[in-house]
Amino acid sequence: MGTLDNKTALIFGVANHNSVAWAIAQKLAAEGARLAFTYQERMEQNVRKLTASMPDSLVLPCDVENDQEMDAVFEQVGNAFGGLDILIHSVAYAPTDDLKGRIAHISRDGFNTALGISAYSLIAMARRAEPLMERNGGGSMLAMTYLGSERVFPNYNLMGIAKAALEATIRYLAWDLGGKGIRVNGISAGPLRTLSARGVGNINDMFAVVERTAPLQRNIEQSDVGDLAAFLCGPASRNITGEVIFVDAGFHAMGLGSL
Ligand SMILES: NC(=O)c1ccc[n+]([C@@H]2O[C@H](COP(=O)([O-])OP(=O)(O)OC[C@H]3O[C@@H](n4cnc5c(N)ncnc54)[C@H](O)[C@@H]3O)[C@@H](O)[C@H]2O)c1
């Protein structure tokens with residue numbers, strides 16, 4: 001018996017076996033959920049290989065900037081699953097040039113692209129998931145974020161601005177959808193070695209600083225995010241919404257580390 005038996009989940013953001021979304025998928029599947037995945041075109045082979053071990057899963061193309069593809073994903077999920085219980089948003093992008101250099105020099109196009117893919121996409125997903133979750137009497141939406149939304153992390157730059165918008169979106173959607181029994185939460189994870197993380201210039205230094213500074217004196221792993229996601233999508237978190245929960249070995253609580 002899993003905590004998510006008979007539940008259905010749609011997961012955006014698997015690129016490869018290191019993806020946060022893949023760790024979440026494995027945990028949701030272990031708890032009994034039936035899964036649908038979307039992939040960005042260039043990731044298709046990876047995602048099909050990974051999900052081959054889940055024969056009852058759906059695997060669908062979707063660029064979150066493409067409204068037709070978004071419509072098609074939710075239509076196919078509705079047809080196959082009847083409704084939807086869980087939505088995972090694990091998607092982010094900012095142009096490399098705008099992740100380094102000066103904030104005052106961030107381009108208008110770079111800003112719009114980053115905010116569109118990394119924050120607006122949650123609204124676009126929520127609008128389409130709402131009727132499917134209503135069919136099931138409610139649901140849980142979850143998005144991935146980082147402490148760079150609240151504090152300055154050199155080289156996180158434009159992504160920090162996008163994460164601030166994403167976290168505000170989580171709270172406003174929680175208010176908007178709460179009356180329908182739909183919860184919306186965020187997970188703020190410590191740094192992890194993934195494809196996207198490579199775009200953040202000083203990622204190795206970040207691991208070292210976390211190990212030195214965090215109360216638990218270590219970095220986290222993808223499975224830590226998977227465990228928290230299963231909790232936030234399951235019945236034990238039924239009265240938690242509009243929340244961003246940290247899984248970062250306590251790093252966010254610190255001012256100064258060891259002197
Ligand atoms: N890795 C970390 O250190 C870390 C820490 C905290 C939060 N996060 C967040 O976790 C989430 C997942 O990132 P990850 O670290 O697993 O990296 P990842 O590269 O494995 O996943 C990012 C995903 O975003 C997808 N994506 C980007 N643009 C897209 C578009 N236009 N349409 C559809 N999909 C698109 C990519 O295909 C990829 O699957 C992101 O929101 C990221 O900001 C990561």
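**Questions on a predicted model**

Author: Tyr 39 belongs to strand E2, which covers residues 34-39. The model is a predicted one.

Reader: Why is Tyr 39 called buried?

Author: Tyr 39 has 23 other C-beta atoms within 10 Å. A residue is buried if 20 or more lie within that distance, so Tyr 39 counts as buried.

Reader: Which residues does Tyr 39 touch, leaving out those up to four places away in sequence?

Author: With those neighbours not counted, Tyr 39 touches Val 14, Glu 44, Val 47, Val 59 and Pro 61. Contact here requires C-beta atoms within 7 Å. Val 14 is 25 residues from Tyr 39 in sequence, yet the two C-alpha atoms are 6.5 Å apart.

Reader: And Val 91: why is this residue called buried?

Author: The count for Val 91 is 24 other C-beta atoms within 10 Å. The cut-off is 20 or more, so Val 91 is buried. Val 91 lies in the loop between strand E4 (86-89) and helix H4 (108-135). Residues up to four places away aside, Val 91 touches Phe 12, Gly 13, Val 64, Ile 117, Ser 118 and Ser 121. For Leu 232, 141 residues from Val 91 along the chain, the C-alpha separation is 18 Å.

Reader: What makes Asn 6 and Asn 157 worth a remark?

Author: Neither is a glycine, but Asn 6 has a positive phi of about 65 degrees and Asn 157 has a positive phi of about 40 degrees. Most residues other than glycine have a negative phi.

Reader: Is Asn 6 buried or exposed, and is Asn 157 buried or exposed?

Author: Asn 6, in the segment before strand E1 (8-12), has 10 other C-beta atoms within 10 Å. The limit for exposed is 12 or fewer, so Asn 6 is exposed. Asn 157 is found in helix H5. Asn 157 has 23 other C-beta atoms within 10 Å, so with a threshold of 20 or more it is buried.

Reader: What makes strands E3 and E7 edge strands?

Author: The sheet is open, has seven strands in the order E3-E2-E1-E4-E5-E6-E7, and its pairing is parallel. Strand E3 (58-61) and strand E7 (244-247) each have a single partner strand, so one side of each has no neighbour in the sheet. On average, neighbouring strands of this sheet are turned by 20 degrees against each other, direction ignored.

Reader: How do you know that E5 and E6 pair?

Author: Seven bridges join E5 to strand E6 (residues 182-189). Pairing needs at least two, so E5 and E6 pair. In one of these bridges Met 141 is the partner of Val 184 in E6. Helix H5 (residues 157-177) lies across E5, E6 and E7, and runs at about 160 degrees to E6.

Reader: Which residues come nearest to the ligand?

Author: Of the 27 residues around the ligand, Ala 15, Ser 19, Met 144, Thr 194 and Ser 196 come nearest. Helix H1 (20-30) and strand E5 (139-145) are the elements that give two or more residues to this shell. The shell divides into 18 nonpolar, seven polar and two charged residues.

Reader: How do you know that the radius of gyration agrees with that of a compact globule?

Author: The rule gives a radius of gyration near 18 Å for a compact globule of 259 residues, and the chain has 18 Å, so the two agree. Of those 259 residues, 44% count as buried.

How values were computed: Residues numbered from 1 in each chain as written. Predicted model: local features only at pLDDT ≥ 70, side-chain atom pairs only at ≥ 80, totals over all residues. Near = placed C-beta within 6 Å. Helix = DSSP H or I, 4+ residues; strand = E, 2+ residues; numbered from the N terminus. Nonpolar A, V, L, I, M, F, W, Y, C, P; charged D, E, K, R; others polar. Contact = placed C-beta atoms within 7 Å. Axes fitted to C-alpha atoms, helices over the stretch in contact; angles between N-to-C directions. Rg over C-alpha atoms; globule rule 2.2 N^0.38 Å.
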